[in-house]
Amino acid sequence: MREALRLARQAAAGGEVPVGAVVAMGGAIVGRGRNASIARQDPTAHAEILALREAAERVGNYRLGGATLYSTLEPCVMCAGALVTARVERLVFGARDLRFGGVRSKFQVADSDLLNHRVVVVEGVLGSDCVDLLREFFETRR
C-alpha cells in the first residue's frame with residue numbers, strides 16, 4: 001500500500017486525482033498505476049486499470065488468479081468489474097469513495113453473489129494516509 005500511496009502522490013503532482021494502485025503476485029509487484037485520465041485524455045485511465053494492464057502484460061495472461069490489487073481509494077464500478085474479469089483474488093484499499101465507490105460505498109460489484117467470481121475485499125489499510133492525501137488535494141482546488 002505504501003507503493004500505491006507513492007504513486008498517488010505522483011498523480012497529484014501531475015494534477016490528477018491522487019489515486020495509486022499496485023498488483024502483487026507471489027510477493028512481487030507486477031503492475032503499477034496512477035490516475036492518468038487527464039494526461040492521457042482517457043476516461044478509463046484509472047490507477048487500477050493501468051495497474052491491471054501492466055500486470056497482465058508482464059504475466060502474459062489477462063487472468064490474474066492469485067493476485068492482490070492494492071489501491072489507495074475504493075475502486076469505481078468500472079474498476080471493480082475489471083477486478084472480477086481479471087479474476088483478481090484480493091482487493092486491499094485504503095479509503096472509501098462515498099460518491100462513486102463500486103465495492104462498498106455505492107455498489108458491491110467485486111464480491112457480488114450475482115457474478116461468477118468474487119474478490120476478497122479488505123478495506124481501511126493505511127486509510128487515514130489515503131484520506132489525508134485526497135483531502136489535501138481537493139482543499140487546494142477549492
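Trainee: Starting with the largest nonpolar core, which of its 35 residues touch the most other members?

Mentor: Keep in mind that this is a predicted model, where local features need pLDDT of at least 70, side-chain atom pairs count only at pLDDT 80 or more, and totals for chains, interfaces and linings use all residues. Residues are numbered from 1 along each chain as its sequence is written, and side-chain values use heavy atoms, with hydrogens and water left out. A nonpolar core here is a set of buried Ala, Val, Leu, Ile, Met, Phe, Trp, Tyr and Cys residues joined through side-chain atoms within 4.5 Å, where buried is under 20% relative accessible area, exposed is over 50% and partly exposed is in between (1.4 Å probe, protein chains only). On that basis, the residues touching the most other members are Val23, Leu52, Leu64, Leu69 and Leu91.

Trainee: And which elements give two or more residues to this core?

Mentor: Elements are DSSP runs numbered from the N terminus: helices (H or I) of at least four residues, strands (E) of at least two. In soluble globular proteins, nonpolar side chains tend to be buried together. Here the contributors are helix H1 (2-13), E1, H3, E3, H4, strand E4 (90-95) and H5.

Trainee: Let's zoom in on leucine 69: what is it in contact with, leaving aside neighbours within four places in sequence?

Mentor: Contact means heavy atoms within 4.5 Å. Leucine 69 is one of the core members that touch the most others. Its list of contacts runs Ala21, Val22, Val23, Glu48, Leu52, Leu83, Val88, Arg90, Leu91 and Val92.

Trainee: What do the buried residues of H3 pack against?

Mentor: The buried ones are Ala47, Glu48, Ile49, Leu50, Ala51, Leu52, Ala55 and Ala56. Just past the helix, glycine 60 has a positive phi of about 85°. The packing partners of those buried residues are strand E1 (20-25), strand E2 (28-34), helix H2 (37-40), strand E3 (68-73) and helix H4 (77-85).

Trainee: Is arginine 53 buried, exposed or partly exposed?

Mentor: Arginine 53 sits in helix H3. Not counting residues up to four places away in sequence, arginine 53 touches Asp42 and Thr44. Its relative accessible area is 42%, so arginine 53 counts as partly exposed.

Trainee: What covers the buried residues of H4?

Mentor: H4 buries Cys79, Ala80, Ala82, Leu83 and Val84. Take alanine 82: beyond four places in sequence, alanine 82 is in contact with Ile49 and Leu52. For H4's buried residues, the cover includes H3, E3 and E4.

Trainee: Glutamine 41 is not a glycine, so what is its phi?

Mentor: Most residues other than glycine have a negative phi, and most peptide bonds are trans. Glutamine 41 lies in the loop between H2 and H3 and, at 67% relative accessibility, counts as exposed. Its phi is positive, at about 55°.

Trainee: Where does leucine 126 lie?

Mentor: Leucine 126 also has a positive phi, near 55°. At 25% relative accessibility, leucine 126 counts as partly exposed. Its place is the loop between strand E5 (120-123) and H5.

Trainee: Now the largest pocket: what is its volume?

Mentor: On a 1 Å grid over the protein atoms alone, a pocket is an open set of points with protein on both sides within 12 Å along at least five of seven lines, while a cavity is a set where a 1.4 Å probe fits but cannot get out; lining residues have an atom within 4 Å of a point. Points are joined across faces, edges and corners, and a volume is the space filled by probe spheres set on them. For the largest pocket it comes to about 670 Å³.

Trainee: Which of the 24 lining residues are closest to the centre of the largest pocket?

Mentor: By class, the lining has 12 nonpolar, three polar and nine charged residues; Ala, Val, Leu, Ile, Met, Phe, Trp, Tyr, Cys and Pro count as nonpolar, Asp, Glu, Lys and Arg as charged, and the others, Gly among them, as polar. Closest to the centre are Val17, Leu73, Asp97, Phe100 and Phe138.

Trainee: Which element gives the most to the lining of the largest pocket?

Mentor: The elements giving two or more residues are H2 and helix H5 (127-139). With five residues, the one that gives the most is H5.
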